[in-house]
Amino acid sequence: MITIWRRLRHVLSWSRHDADLREEIEAHRALRQDAFERDGLAPGDAADASRRALGNVAHAVDAARDVWAIRTADSVSQDVRVALRGLRKSPGFALVAVGTLALGIGATTALFSIFNSLILRPLPVRDPGSLALLTNGSWSYPIWEQIRARESDLSDGAFAWAGQRFDLARTGQSDPVDGAYVSGRLFDVLGVTAIRGRMITPADDSAASPSGPVAVISHRLWRQRFSGDADIIGRQLTVQRVQFTVVGVMPPGFFGPDVGRRMDVMLPFAAEPLIRGRETRLNDKGSSWLQIMMRLKPNQEIEQTNAALRVAQPQIVEGATRQSVLTEPLTLAPAATGNSALRTRFETPLFAMVIAVGLVLLVACANIASLLLARALARRRDLSVRVALGSSRWRIARMLFIESLLVAAAGAALGLMFASWSSALLVRQLSTSQNTVSLDLALDWRVLAFTAALACLSAITAGVAPALGLTSIASGDVLKDAGRGIAGDRRFAVRSALVVAQIGVSLVLVVAAGLFLRTFASLNQLPLGFVPEPLLVVELNLQASGGRPEERGARVERLRDAAASVPGVRSASVSSTRQLTGGGWSSGMVAVGDGPMVRLRSVGRPSLWLNATMPDWFKTMGIPLRSGRDFEAGDRVGTGPVAIVNESFVRQYLPGEQPLGQHVRLGFDAQTRYEIVGVVGDAVYTTPREGMLATMYVPVAQRPPKTFWPTVLLTINAAPGQRAAVERDVAAALTRADPAVAFTFGTFDQIVAATVTQERLIAMLSAFFGALALLLAALGLYGVVAHAVRARQTEIGLRMALGATSSSIVRLVFQRVGLLIAGGLALGLAGSLWAARFVETLLFQLTPRDPLTFAGAAAVLVAVGILAAWMPARRASRLDPARVLREG
Amino acid sequence: MSPEPSGLVQGTLHMLILKTLTLEPLHGYGIGVRLEQISRGGFLVNAGSLFPGLRRLERDGLIRGEWRVTENNRRAKYYHLTPQGRARLTRETRQWEAQMAAIGRILAATKDAL
C-alpha cells in the first residue's frame, strides 16, 4: 500500500524526478572525468572517455524511470487512442453500437429517474430525515388545532397542509393551478426561505392577519405567469374570485411536501373562510382533508414521539371529534421522501417497467457484444500480428475491452440526453385533465451513478464475449482461411449463445407486451352504458362565485337553460356527481321496502352508488329508460321523494320483482323513503374496470340546498362535428347568464381515457420495449447468420459444385437457424412462465399465463426470426460455386 | 574494458550497494568505485545498471538520497542507508551466507557422498 502511494507521489512529480536523474548522471560522468584527469588524461580526452564509459544514457534514464513509473497508465492512454482510431475507421459500427446503447441506457435511465424522483429522492428541504408524517389518511382541521396546541411538547415543529386546485381566473372559464392551504409554520419548519419577499408566517395564518389575505407563489408560476417581474411582491392575485396579495416567491426546487404534485399557489388556512364563506371546513369536525407532518426533536426516535402522541390522544380526540371515531392510535411514519398518493399507485407498474427496460438493455448489450466479437474476429490478422510482435493476450483483451468501454461511455452520454427528454414525456402522459402529475426530474447523483453503473455493466457484458471469443488466436495463426470455416466452428459458439439469449429475453418482453396490450384493449372495449362521443362536460363552480347557497338551485337551472338554447346543443342537463373518477357519492347500507338495512359489499366498499340529476339527463347521456319515467319539473322539495334505479340495482336488490313503486331507504338518511319511478340502463359509475354497479339517481331539485355540492356538472349533447363550436358558444352563454360562475370544459372522451391512463402507459411502454427487443434480436440473428454464411462460403460453393440445389442450401442454413430459434423460444417460455406471476396485479380479464398470448408471442418471434435469416440464406443459395472456389 | 559484471548473481547488486553504504554515505560514482576497489576489479558496475538499482532501492525505502557538494566542489547525490535498509542488508547477508555454505558443501562433497 505504502509503495503504491510512494509511486503515485512520484508520478505526480514526474518532471522533477527526471531532471534529478539527469543531473545525477551528469554528476556521475563529471566525477569519472575528474578521475581520468587525475590519471593523466587531457581534459578533452577525459570528457570523451567518461562519456564512453557511461554507455547509453537515454536507456539508463528510461530504465531508471521504469522503476518508478506505473507503466499501465501510459499504455492505457495508448489503448484508448488505438480504440478511438479503430472506431473512427468504422463509423457504421460505431453509429449502430452507440445508438443501440444510447436507446437502451436512455430508456432505462428515464424510467429510473422517474422511480428516483417519485420514490427515492428526499424532499429538497432542511434535514428531511427528521420529518415524520401522521398516518394513515387525512385529518380534520380541529384535530390539527389540537396537535398544534401540543406542537412544542411533541416535536421540533409541526405543520399541516391540504392540496387544492385553485382557479386563478377573474371571471368565466376557470384557469386551474395546483396549490394548497398551509399552516403558518410550514415554511419555517421545512427550512424553506423565499427568493423574493417572504414566506407565509404564523401571523398570516390567523383570522386577524395584519397583512390581509396573502399568498406565496412558486418559482415556476412567477416565471411563467408574471414573466419573472421583479416587482411581483405586493401584486394582486385572484384565487377563487378572491383577491390576495403576493408576499413571496418560493425557491426553484421546492414543490411542497407532496411528491408528484406541484404547489404553485399556497394560501394560509386562515384564508379558507374567505373563499368558502359560510361553508368553511375549519370548524367541521367531520371532514378530513389535511395532512400533518412533524419534525422530530433532535436525538429523539420516532417511537418516543409516537408514545408521547398516544398519551395525548384522549385529549386530542375529545377536543376534535364528534364522536369517538378516532380509535386507532395516532402514528407517525418517517417521511424524508415526503407524502405521495402516486407512490402506491405506480410503484408496481414502474418497477415492472424498469425490469422490462433492463431486459431490453441486456438484449442491446448482447447485440453489441456480437458486433464487437465479429469485429474482433475480422481483425484476427491484425491481432495475430500484435501477438507475434510480443503483445500479451491480456493486453489484447484489454484493448478490446477499452473499445467496448468507449462505446458504452458514448452511449451513456447520449442516453442521458435521451432520458431527460423521454422521462419528461412519460410524466406528461400520466397527467389527466383532473389530475396534473408533476415530478422534479432534475438529474441528481443517484441518476448519474445509475447511468454510470449501467455503462460499466454494458461494457462488461459486451466486452467479455469478444475477449472470450479470442482465445483461439495464436501468434502463428495469421489467417489464411478467410471463407474456409466449416459448420461447427467454435468461433460461432459464443455468438450463437448470445443470439439464443436475445431471442429468449425478447420473447419474455413480447409476452409482457401482449398481456398488457390485451389488458388495455379489453378495458377499452368495456361497455360504458352511455355514448361519450357527442358529450361535453362543464364543471360549474357556484361556490367560488359567492352568493347564498339557497339560490344555487335556481342559478343552476338558469345556466342549464342558457346552455340548452345555444344552437347545436341537442340537449343539456345537470348531475351532481362526476362519474368515472373511481369514487363518488355512495351509501354503505341500503334497505328495500320495509326490510332491514343491509350491507351488500364488504366493509369499506359502498353498497349503492348515488347521483342527483336534473330532468333529461339520461337522454343527454344516451342512457336508455327501460321502464317508468324520467324526473320531471314537478319533482321538487315538498313533493314525495322519488328515485330512478339502474338494472344492476334491480338485479341485486329486487330480483324477479316489479321495481316501480317500491321504496328505498339509505343508511345515512333512514327516514326518507324514496319511491322508484323509473328504471334505466346500466352505466359505468366508478371505472370501466369495476364494471356496472348498482346505482340510484335522485332529482337535484329534491336535494336540500345546504348539501348542494360546490360544483355540479352540466352535460351537453352536441350535434355531430360541432363540439368545438358549441364549447365556445356555451362558454359565452354561461358568462352572460351568470357572470360570477366559474366553469371548466371537458369531454367524456378525456374522462374515459383518464380511467385507463396507467394501463395505456404500461401497454405503450411494453409494446415499445417489446418491439425494440424484437428488432435487436432480429438484427443479432441476421448478423450471426450472415457472418456464418460468409465464413462458410467455400464449403457452400463446394457443396453446390457437387450438385447441391439452392433449396438444399437454404435448408442447410435454416437447420442451424431453427436450432437457434428453438433454443431461444425454450429459454424465453421458461422465463415468461416464471416472470408472469409478477404482473398478475396489472392485468385485467387475463390469466398471467394466458396460452393465446404465449402462443402469439412465440409465433411473432418465429416469424421475425425466419425473416431475419431469410436474406443471408437467399444469398448463400445464389453463390456462384465456380467463382467462390476460384477466389477462395 | 574489463568484463561486464554479468557474472553477478541476479539481485546481489542491491545487497552490494547496501553494503557499501554501511560505512558512510556515498554518491553513485563513489559506490561504483568502492565496489571495484573492494572486489579488486572483480566487479565493474556501469551506470545502466547502477542507476535503476539505486532508484529501486530508493523506491523501496531502503536508501535515501540528498544533494551535497563533493570535496572537489561538484554537486552529487549522496545516498545513505535507512534503518529498513540496514535491516534488509542484515537479513540478506544471513540468507546469502546460508546459501553459500550450502552450495559450498555440495561442491566440496567427496565422490562417496555423491
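Colleague: Which residues of α13(A) meet α23(A)?

Modeller: In this predicted model, the residues that α13(A) brings to α23(A) are Arg345(A), Phe346(A), Pro349(A), Met353(A), Ala356(A), Val357(A), Val360(A), Val363(A), Ala364(A), Asn367(A) and Leu377(A). On the α23(A) side the residues include Ile762(A), Leu765(A), Phe769(A), Leu772(A), Leu776(A) and His787(A).

Colleague: How many nonpolar, polar and charged residues does that contact have?

Modeller: The contact of α13(A) with α23(A) has 17 nonpolar, 5 polar and 1 charged residues.

Colleague: And at what angle do α13(A) and α23(A) pack?

Modeller: The angle between α13(A) and helix α23 (residues 757–791) of chain A is about 15°, and their axes are 10 Å apart. The two helices are therefore roughly parallel, since angles under 35 degrees count as such. Their crossing is left-handed.

Colleague: What about α6(A), how does that helix pack with α13(A)?

Modeller: Helix α6 (residues 91–120) of chain A packs against helix α13 (residues 341–378) of chain A at about 165°, with the axes 9 Å apart. That angle makes α6(A) roughly antiparallel to α13(A). By class, 24 nonpolar, 4 polar and 3 charged residues make up the contact of α6(A) with α13(A). In passing α13(A), α6(A) forms a left-handed crossing.

Colleague: Let us turn to the strands. Is β18(A) enclosed or open, and why?

Modeller: Strand β18 (residues 642–646) of chain A is largely enclosed by the rest of the structure, because 5 of its 5 residues are buried.

Colleague: Which residues lie on which side of β18(A)?

Modeller: Val642(A), Ile644(A) and Asn646(A) are on one side, with Ala643(A) and Val645(A) on the other, and both faces are covered. In a regular strand, side chains alternate between the two faces of the sheet.

Colleague: Which strands pair with β18(A)?

Modeller: One of them is strand β20 (residues 669–680) of chain A, which runs parallel to β18(A) and is joined to it by 5 bridges. In that pairing, Asn646(A) stands opposite Val680(A). Strand β21 (residues 695–699) of chain A also pairs with β18(A), in the antiparallel sense and over 2 bridges. Here Val645(A) has Met696(A) opposite.

Colleague: Moving to chain B, what is the strand order in its open sheet?

Modeller: The open sheet has 3 strands in the order β1-β3-β2 (chain B), paired antiparallel. Strands β1 (26–27) and β2 (63–69) of chain B are at the edges with a single partner strand each, so one side of each lacks a neighbour in the sheet. Helix α3 (residues 47–59) of chain B packs on the sheet and touches β2 and β3 of chain B, with its direction at about 50° to that of β3(B).

Colleague: How many bridges join β1(B) to β3(B)?

Modeller: There are 2 bridges between β1(B) and strand β3 (residues 75–81) of chain B. Leu26(B) has Tyr79(B) as its bridge partner in β3(B).

Colleague: Which residues are buried in α2(B)?

Modeller: In helix α2 (residues 28–38) of chain B, the buried residues are Gly28(B), Tyr29(B), Gly30(B), Ile31(B), Gly32(B), Arg34(B) and Leu35(B). Arg40(B), which follows α2(B), has a positive phi, near 50°.

Colleague: One last item. Where is Asp284(A) found?

Modeller: Asp284(A) is in the loop between α11 (272–276) and β10 (291–295) of chain A. Asp284(A) is partly exposed, at a relative accessible area of 29%. Leaving aside neighbours within four places in sequence, Asp284(A) contacts Ser140(A) and Pro142(A).

Technical notes. Residues numbered from 1 in each chain as written. Chains lettered and ligands numbered in written order. Predicted model: local features only at pLDDT ≥ 70, side-chain atom pairs only at ≥ 80, totals over all residues. Heavy atoms only, no water. Axes fitted to C-alpha atoms, helices over the stretch in contact; angles between N-to-C directions. Helix = DSSP H or I, 4+ residues; strand = E, 2+ residues; numbered from the N terminus. Parallel < 35°, antiparallel > 145°, perpendicular 65-115°, else oblique. Left-handed = near helix turned anticlockwise from the far one by under 90°. Nonpolar A, V, L, I, M, F, W, Y, C, P; charged D, E, K, R; others polar. Buried < 20%, exposed > 50% of the residue type's maximum accessible area, 1.4 Å probe, protein only. Pairing = 2+ DSSP bridges. Contact = heavy atoms within 4.5 Å.
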